[in-house]
Amino acid sequence: MENKYLNILREIKSVSMSTVSSDGMPQARIIDVMLVENQSLYFCTARGKDFYAELLENNMVAVVGMTKNYQMIRLSGKAKHLSEQKLWIDKIFKNNPIMNDVYPGEARYILEPFCINSGSIEYFDISSTPVYREYDSFGNMDSIMKGFEITGDCISCGICAENCPQHCIDSKSKYMIQQQHCLHCGLCYETCPVKAIKRRTKIC
């Protein structure tokens, strides 16, 4: 079964994709998601572009897309340069016929195909109340959980819950952040009087 978040990126189609240049500077541009199949996202770029050189030098990429309903998807993964260049470019053009207007005829073969077949995904929906967040991964990469958590040093004073803009701190048994509704704003972290809240970045 295809990863649902990869399919949403395909529906968005034009996404922001970031790399790092040889001088260490971050680079971002709009790239079209051309295909999604076999748990992989496919795109292409021309050999003359800096983007192509950056992908060959450092294949780590970050992708961000947002739907018209304010559902955001962030993907971090590795881009793989594909062999059988003409086969993949022909397939991309078949599924994206508008490309024939940009690269007519044999000009299409200046393009090189890439896929992202391993990555971690963060889904964030700010159109719902409260907001909703979810993590996923595909290929051989693990999900990375971010945000904050309340430790055993909590004194149950309730200040964090009072200040949370999304009211996502549950106090029924012990104080706990409902991670799927957390903004990651850090207000609970900054207002805790005993520093019982810590950042979390762990692979799961």
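Where does Asn-38 lie? In this predicted model, for which local features need pLDDT of at least 70, side-chain atom pairs count only at pLDDT 80 or more, and totals for chains, interfaces and linings use all residues, Asn-38 lies in the loop between β3 and β4, helices (H or I, at least four residues) and strands (E, at least two) being DSSP runs numbered from the N terminus. Residues are numbered from 1 along each chain as its sequence is written, and side-chain values use heavy atoms, with hydrogens and water left out.

Asn-38 has a positive phi of about 55 degrees although it is not a glycine, and is exposed, with a relative accessible area of 59%, where exposed denotes over 50%, buried under 20% and partly exposed the range in between (1.4 Å probe, protein chains only). A positive phi, of about 50 degrees, is also found at the non-glycine residue His-167, which is located in the loop between α5 (159-163) and β11 (169-170).

In helix α3 (residues 85-95), the buried residues are Gln-85, Trp-88, Ile-89, Ile-92 and Phe-93. Viewed down the axis of α3, these buried residues fall within an arc of 135 degrees, so they line one face of the helix; the arc is that of the directions from the helix axis to the C-beta atoms. They pack against β3 (35-37), β4 (40-46), α4 (99-102) and β7, contact meaning heavy atoms within 4.5 Å.

Strands β7 (residues 111-125) and β8 (residues 132-138) run antiparallel and are joined by 7 bridges, pairing requiring that DSSP find at least two bridges between two strands. A hairpin of 6 residues connects β7 to β8, and the loop between them holds Pro-130, whose peptide bond from Thr-129 is cis, with omega near 0 degrees.
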